[in-house]
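Hello everyone. Please bring up the model on your screens, and keep the sequence beside it. We will go through it piece by piece.

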Amino acid sequence: MAVIETAEKLLPAGLRPAGSRILRALLAVLTERDEKATAQRMALTAFSIRIASAALAFLSQIVLARLMGEYEYGIFVFVWVLIVLFGDLSCLGFHTAIVRFLPQYKAAGAYAEIRGLTGTARVFGLVSGTIVLAIGMIALHVFSDKVQSYYIIPIVLGLLAMPMIALGDILEGTSRANHWPVMALSPVYIVRPILIILFMLAAIGLGAPSTAVTAMQAALLATYVTALGQYVATLIRLRRHYKEGPRKVDFLGWLGVAFPIFLIEGVSFLLTNSDVVVVGIFLEPHDVAIYFAAAKTMALVHFINFSVKAASGPRFSSLIAEGNRPQLAAAAIDAARWTFWPALAVGLVVLAAGHLLLSLFGGAFTAGYALMAILLAGILAKALVGPAETLLMMAGKQKICVLLYAGALTANVVLNIVLIPQLGIEGAAIATASAMGVEAVLLHLAVRRALGIALFAFAKPPVAHNEMEA
């Protein structure tokens with residue numbers, strides 16, 4: 001409190017009232033122990049970790065690109081995106097289902113169900129990851145003549161990491177459900193990228209070549225070290241909170257909830273990464289590297305949407321519960337504005353520094369500058385409707401979200417397949433930006449049809465009071 005009071009005195013007189021409220025609200029979030037403060041503290045911690053992880057991921061990609069050059073870096077990027085993509089999908093939504101069930105069991109004192117859920121989830125993650133590993137190995141053997149030779153060994157190494165990626169997702173969901181944000185997010189987003197760089201540098205120092213194979217070996221080792229360390233730490237903490245005892249398993253019930261979540265998150269995750277995959281299928285590794293560097297740089301703008309989504313979900317939920325349509329519409333349009341204008345400002349700054357940022361990866365990567373401008377157009381199109389998908393999900397319209405994401409994913413893949421052979425990586429950027437535009441239009445139409453809200457950053461919110469329909 002003394003620190004807060006000192007900070008208030010240092011603020012200019014004009015900013016003191018607003019600054020005082022912000023500082024005291026922050027103090028309440030950091031010190032209070034009620035459920036609301038705990039949730040806010042978890043959100044703040046999670047957001048801080050994601051910001052740090054974004055900076056770390058950007059820097060680590062620069063280091064890897066510098067070490068390997070664009071050709072080998074392109075091979076690594078393509079394979080690693082594939083492995084992480086299918087590793088996450090292999091959980092079939094079970095990692096998110098834990099977040100749904102565990103707090104309910106904890107509130108009811110159903111500790112047998114908690115022990116059964118967490119234990120079953122870990123086994124399921126390992127088994128499902130191993131099954132995907134086996135399927136991948138069989139597919140690679142059957143279609144080896146259709147896969148470029150320089151991808152074979154990196155893919156094999158990547159597939160060996162699949163069970164640990166799935167286990168890591170399960171452990172992340174377990175920690176999130178228990179409000180342990182540092183343990184949930186640090187291993188995958190902080191520890192693993194650092195270990196990949198350290199192992200890569202160590203391997204090169206010991207005489208290994210600076211190739212994609214060496215990078216995949218470093219990634220494989222880093223994944224196992226991270227996941228096993230996370231497993232031990234999570235198990236110790238779980239046993240501290242939930243003593244040993246009987247276990248109650250409702251596998252089919254949990255899977256029944258997990259699978260629809262898998263459809264929503266899976267289609268969304270595929271939509272986010274499909275462009276890199278299609279570029280890797282049609283173009284050479286150095287094209288993949290340049291495209292990935294441009295996309296990774298513009299991804300800095302996506303954190304605006306991430307921040308607004310995190311803040312808007314609880315607000316939308318409470319307004320929907322109150323049933324006041326005009327206030328919900330005003331909040332949604334306000335969120336769209338808070339998404340679009342900061343995204344525009346940050347996007348223009350990133351674009352202005354684009355040549356410098358791309359040159360950090362290496363001289364050849366500046367060829368991706370035009371891609372950044374194209375991708376920014378798509379990002380801004382999506383920003384015009386703000387966190388529309390969050391609004392739909394808070395209103396219980398998850399099925400609509402699945403259909404919308406599937407439509408946007410189809411548009412993305414089809415446009416990439418059509419445009420990449422004609423225009424190269426510029427075609428990939430145009431296809432991805434166009435798919436974002438399609439997604440924005442579909443979300444706008446869905447929100448208008450389902451909730452009667454014309455969601456648009458430039459729209460005027462309604463003023464008349466009107467109760468929401470059930």
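We start with a term: a salt bridge is a side-chain nitrogen of Lys or Arg within 4 Å of a carboxyl oxygen of Asp or Glu. K382 and E389 make one, with their closest N and O atoms 3.3 Å apart.

Some ground rules. This is a predicted model, where local features need pLDDT of at least 70, side-chain atom pairs count only at pLDDT 80 or more, and totals for chains, interfaces and linings use all residues. Residues are numbered from 1 along each chain as its sequence is written, and side-chain values use heavy atoms, with hydrogens and water left out.

Now the overall picture. The protein chain has 18 helices and zero strands. Helices here are DSSP runs of H or I with at least four residues, strands are runs of E with at least two, and numbering goes from the N terminus.

How much of the chain is buried? Of the 470 residues in the protein chain, 50% are buried. Buried means under 20% relative accessible area, exposed means over 50%, and partly exposed lies in between, with a 1.4 Å probe and protein chains only.

Contacts next. A contact means heavy atoms within 4.5 Å. Take the contacts in the protein chain with a separation of 6 or more: 79% of them join residues 24 or more positions apart.

And the surface? The protein chain exposes about 21600 Å², and carbon and sulfur atoms supply 69% of it. These areas come from the Shrake-Rupley method with a 1.4 Å probe; for residues, only the protein chains shown count as cover.

Back to salt bridges. How many does a search of the whole structure find? It finds three.

A second bridge joins R239 and E244, with the closest N and O atoms 3.4 Å apart. R239 is partly exposed, with a relative accessible area of 48%. E244 counts as exposed, at 57%.

In the third, the side chains of K248 and E113 meet at 3.6 Å, N to O. Which parts does this pair tie together? K248 lies in the loop between α9 (212-241) and α10, and E113 lies in helix α5, so the pair links parts that are 135 residues apart in sequence. E113 counts as buried, at 17% relative accessibility.

Stay with helix α5, which covers residues 111-142. V123, V127, I131 and I135 form a nonpolar patch on the surface, with about 350 Å² of accessible area together. Patches are made of residues with over 30% relative accessible area and no salt bridge; like charges are joined within 9 Å, and nonpolar side chains (Val, Leu, Ile, Met, Phe, Trp, Tyr) within 5 Å. V127 is in helix α5 and is partly exposed, at 44%. I135 also has its place in helix α5, and it counts as exposed, at 52%. The C-alpha atoms of I135 and L159 are separated by 9.6 Å, and these residues are 24 apart along the chain.

Now for the empty space. Rolling a probe the size of a water molecule over the atoms shows where empty space is left. On a 1 Å grid over the protein atoms alone, a cavity is a set of points where a 1.4 Å probe fits but cannot get out; a pocket is an open set with protein on both sides within 12 Å along at least five of seven lines; lining residues have an atom within 4 Å of a point. Grid points are joined across faces, edges and corners, and a volume is the space filled by probe spheres set on the points.

The count is one cavity of 30 Å³ or more. The largest cavity has a volume of about 120 Å³.

One last stop: L92. It has a positive phi of about 55° although it is not a glycine. L92 sits in the loop between α3 and α4 (94-108), and it is partly exposed, at 27%.
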